[in-house]
Amino acid sequence: MYVIKSLPALTMLKNLSRYSAYAVALSICTVISSSISASTASSITVTSTKEPSHWQQIEAQGKNQDVYFYAWGGDPQINAYLQWAAKQVDDKYNINLVHVKLSDTSEAVSRVLAEKSANNNDKGSVDLIWINGANFATMSENSLLLKQWANKLPNFALTDPENNPAVNFDFGVPTNGMEAPWGQASLTFYYDSLSTNKPPTTLNQLINWTAQNPGRFSYPKPPDFLGMSFLKYALVMLHEQHDAKTGENIKAQLNLPATEQNTDLVLAPLWAFLDDLHPALWRKGEQFVQTGAHMRRLVDDTELSLAFTFSAPEVPAAVQRYDLPESIRSYAMSDGSLSNTHFVAIPYNASHPQAAQLVANFLLSPEAQAKKQTPTIWGDKMVLVPSTLSPEQQALFKDNKPHPSALPFDSIKRTVSEPHPSWVDAIKQGWQARYGVSP
């Protein structure tokens with residue numbers, strides 16, 4: 001019990017004014033408080049009750065782990081970039097990032113699906129996966145992905161998600177925090193300037209150009225990703241032309257799932273276009289190239305004069321390593337460039353989900369995005385919004401002089417969104433039924 005030894009007499013308090021009484025009372029409370037604090041300071045240790053933040057917990061749990069990153073391994077530039085990223089997360093978190101190289105993302109999807117069928121729900125072999133489009137839709141529909149983590153990454157805010165729907169939708173399907181955006185890519189065309197000095201810049205010009213230059217153009221046979229991208233570009237452009245002439249809005253069906261009721265109507269213009277195009281293609285459309293790399297080799301061998309890629313920096317890199325001639329030039333179609341955002345996702349049964357989140361957050365950092373956007377490294381467009389960055393961070397993206405064969409800066413004037421992922425299967429099945437040929 002604490003005793004105040006010298007208190008003013010009650011009679012003295014009666015004679016004080018209201019203000020003076022208040023002042024004395026305040027002095028008494030101060031004395032009591034000081035006495036209690038002084039007497040208990042030696043016996044009470046104040047401890048913080050503040051809990052670690054969500055991200056602090058992720059950092060603590062994710063360090064010193066392995067992360068098996070299943071990603072396409074068909075481009076040496078991209079592979080080299082991932083080696084650089086592995087070194088960075090090793091230095092920052094002691095994370096061992098292992099790039100498991102894929103020829104097709106569906107390989108990883110099938111692996112996770114098989115693990116779920118075997119009731120392997122927490123020791124999965126895939127920690128992180130490079131994914132988008134139809135593969136994301138498949139994994140989402142089968143509950144194969146970890147939910148509501150990507151939107152909690154600290155660097156996700158740098159994508160300005162409230163005003164940037166591209167980071168919240170994948171081929172029109174809501175990501176619901178199951179994917180972290182990683183980069184953006186667009187369909188890019190390239191040509192041999194010694195063979196042609198006026199390449200086609202619209203779909204209509206393309207069919208005229210091929211008729212005038214028979215055998216000098218082709219596209220990879222579906223289901224190759226690049227071949228499917230060309231067919232989707234053509235389909236979107238055809239419906240834009242049709243709707244502009246008729247006043248209809250059939251193109252809107254491309255944003256909806258493909259069904260038995262709408263498939264024939266939507267795809268009919270594509271088949272009519274290909275019927276006209278194929279006879280003027282390489283080997284008269286009786287055979288098709290298998291991959292983008294195969295198409296590139298035919299350009300280098302001067303069999304083709306025109307080709308395309310979904311990885312614009314692939315072109316100057318190929319020129320620099322003498323896989324393409326120095327006369328190659330890149331450009332974008334003026335009627336629109338099929339574009340998409342690509343993401344990384346974490347399977348629901350990943351063995352190291354916290355470490356995978358640390359890697360995904362690093363891949364979204366200004367440092368990693370600037371490195372990736374450098375033309376000589378990868379050239380993949382960043383997903384960060386410049387207004388969210390500090391002046392120092394913005395300076396990381398300063399452009400250097402591009403290679404003569406590289407896609408000129410700001411040459412893409414109009415981007416075209418990917419159709420709903422269900423159209424991939426519809427196009428693939430319809431193409432095989434009509435044009436399926438031996439390789």
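Strands β7 (residues 188–192) and β8 (residues 306–309) run antiparallel and are joined by 4 bridges. Strands here are DSSP E runs of at least two residues, helices are H or I runs of at least four residues, and both are numbered from the N terminus. Two strands are taken to pair if DSSP finds at least two bridges between them. The model is predicted: local features need pLDDT of at least 70, side-chain atom pairs count only at pLDDT 80 or more, and totals for chains, interfaces and linings use all residues. Residues are numbered from 1 along each chain as its sequence is written, and side-chain values use heavy atoms, with hydrogens and water left out.

Strand β7 is mostly covered, with 5 of its 5 residues buried. Buried means under 20% relative accessible area, exposed means over 50%, and partly exposed lies in between (1.4 Å probe, protein chains only). In a regular strand, side chains alternate between the two faces of the sheet. In β7, T188, Y190 and D192 point one way. F189 and Y191 point the other way, and all of these residues are buried.

A further antiparallel pair is formed by β6 and strand β10 (residues 337–345), joined by 7 bridges. A180 has V344 of β10 as its bridge partner. Strand β6 (residues 179–186) has 7 of its 8 residues buried, so the rest of the structure largely encloses it.

Helix α4 covers residues 76–93. Its 18 residues should span 26 Å at 1.5 Å a residue, and the end C-alpha atoms are 26 Å apart, which agrees. The expected span is 1.5 Å times one less than the number of residues. At the start of α4, a side-chain oxygen of D75 comes within 2.8 Å of the backbone nitrogen of Q77. Such a polar contact is a pair of N or O atoms within 3.5 Å; within protein, one must be able to donate a hydrogen and the other to accept it, and residues adjacent in sequence count only if both atoms are side-chain atoms. An α-helix has 3.6 residues a turn, so residues three or four places apart point the same way. After α4 comes N94, with a positive phi near 55°.

The structure holds 9 salt bridges. A salt bridge is a side-chain nitrogen of Lys or Arg within 4 Å of a carboxyl oxygen of Asp or Glu. One of them joins K92 to E367, with the closest N and O atoms 3.9 Å apart. This pair links distant parts of the chain: K92 is in helix α4 and E367 is in helix α13 (residues 366–373), 275 residues apart. K92 is partly exposed, at 43% relative accessible area. E367 is partly exposed as well, at 34%.

K232 forms a salt bridge with E418, and the closest N and O atoms are 2.8 Å apart. K232 lies in helix α8, whereas E418 lies in the loop between β11 (415–417) and α15 (422–435), 186 residues apart. Both residues, K232 and E418, are buried.

E240 forms a salt bridge with K251, the closest N and O atoms being 3.0 Å apart. E240 lies in helix α8 and K251 in the loop between α8 and α9 (263–277), so the pair ties together parts 11 residues apart in sequence. K251 is partly exposed, with a relative accessible area of 28%. A network of salt bridges links E240, K251 and R414.

Several backbone features fall in loops. Most residues other than glycine have a negative phi, and most peptide bonds are trans. N64 has a positive phi, near 60°. N64 sits in the loop between α3 (54–62) and β1 (66–72), and is exposed at 53% relative accessible area. Y322 has a positive phi near 65°. Y322 is in the loop between α11 (314–320) and β9 (328–331), and counts as exposed at 67% relative accessibility. P222 and P223 are joined by a cis peptide bond, with omega about 15°. P223 is placed in the loop between α7 (203–212) and α8 (225–246).
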